[in-house]
Amino acid sequence: MRHAVLSLFLLFNAVFVVIAQPFTLPKLPYAYQDYAPYIDAQTMEIHLTKHHQAYVNNLNKALKGTPYDDYTLEDVLLNKSALSSDAIRNNAGGHYNHSLFWEILAPKAKQGAISADLSKEINTSFGNLDSLKKELNKAAMSRFGSGWAWLILTPELKLAVVSTANQDNPLMHLDAQRGIPIAGIDVWEHAYYLNYQNRRADYLSAVWELLNWQIISEKYQKAKENTALMGRIAPLKKKKKG
Ligand code: MN3
């Protein structure tokens with residue numbers, strides 16, 4: 001009997017671990033060629049099946065045998081000790097950031113409308129959508145080297161535009177404004193080099209043609225309601241004056 005209980009316990013744990021990890025590559029919601037002409041099919045395919053796949057593989061490898069090997073992706077990103085490993089930090093960020101990026105992109109015909117709620121909040125925070133676009137593009141253009149530009153919801157429940165280096169993101173313990181990502185734009189050269197070479201500005205204009213504001217609105221709504229996650233993200237400490 002004891003054996004049976006123990007076996008059942010081990011089986012349950014094994015099943016649980018399989019569900020929690022390892023992480024797997026998500027599927028794109030549309031076919032590679034559906035994002036053209038804004039992002040070409042080859043870039044989409046390489047970006048997903050080579051770059052993103054590598055983050056997934058290396059994340060699973062980096063977590064194996066660590067205390068974090070049954071953590072959810074958010075738990076890893078919020079854990080300062082886990083992120084002290086560059087391999088975990090870079091690849092957990094890479095997996096999270098790209099998964100979000102694929103979700104918010106859609107071909108024109110499949111894009112949904114922005115919600116009244118998010119639209120109102122954008123007007124309050126930035127003036128209008130065009131001003132938000134300018135600010136996000138500025139964050140993306142001024143990111144030296146590789147990184148991301150983000151629209152986030154801060155712990156004060158305000159919208160903000162931030163930028164992070166490499167595969168960092170605003171959920172992490174950074175010495176910067178933190179928040180739940182609502183939208184993110186990948187400004188690594190691998191995201192645009194085949195079609196746009198060094199022309200990051202042209203690529204950014206193209207990305208704006210692919211943003212699915214219905215999904216971004218849903219992400220805004222979910223972030224607002226996710227008080228558990230928000231409670232784990234500390235507000236940015238004000239720098240002492242003087
Ligand atoms: Mn990328």
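1. Basis. The model is predicted; local features need pLDDT of at least 70, side-chain atom pairs count only at pLDDT 80 or more, and totals for chains, interfaces and linings use all residues. Residues are numbered from 1 along each chain as its sequence is written.

2. Overall layout. The protein has 11 helices and three strands, where helices (H or I, at least four residues) and strands (E, at least two) are DSSP runs numbered from the N terminus. Along the sequence the pattern is α-α-α-α-α-α-α-β-β-β-α-α-α-α. Of the 242 residues, 30% count as buried. A residue is buried if 20 or more other C-beta atoms, placed from the backbone, lie within 10 Å of its own, exposed if 12 or fewer, and partly exposed in between.

3. The sheet. The three strands form an open sheet in the order β2-β1-β3, with antiparallel pairing; two strands pair if DSSP finds at least two bridges between them. Strands β2 and β3 stand at the edges with a single partner strand each, so one side of each has no neighbour in the sheet. From one strand to the next, the twist averages 25°. Angles run from 0 to 180 degrees between N-to-C directions, and axes are lines fitted to C-alpha atoms, for helices over the stretch in contact.

4. Strands β1 and β3. These two pair in the antiparallel sense over six bridges. Ala-149 stands opposite Ile-185 in β3. Helix α5 (residues 86-104) packs on the sheet and touches β1 and β3, its direction making about 85° with that of β3.

5. Helix α7. Which residues of α7 are buried? They are Leu-136, Ala-139 and Ala-140. They lie on the same side of α7, because they cover an arc of only 95° around the axis (the arc of the directions from the helix axis to the C-beta atoms). On the other side, Asp-130 and Ser-142 are exposed. The buried residues of α7 pack against β1 (147-153), β2 (159-165), β3 (180-186) and α9 (200-210).

6. The core. The largest nonpolar core has 47 residues, and Ala-149, Ile-182 and Ile-185 have the most contacts inside it. Such a core is a set of buried Ala, Val, Leu, Ile, Met, Phe, Trp, Tyr and Cys residues joined through C-beta atoms within 7 Å. Leaving aside neighbours within four places in sequence, Ile-182 is in contact with residues including Leu-151, Leu-153, Ile-216 and Tyr-220; contact requires C-beta atoms, placed from the backbone, within 7 Å.

Conventions: Two residues are in contact if their C-beta atoms, placed from the backbone, lie within 7 Å.
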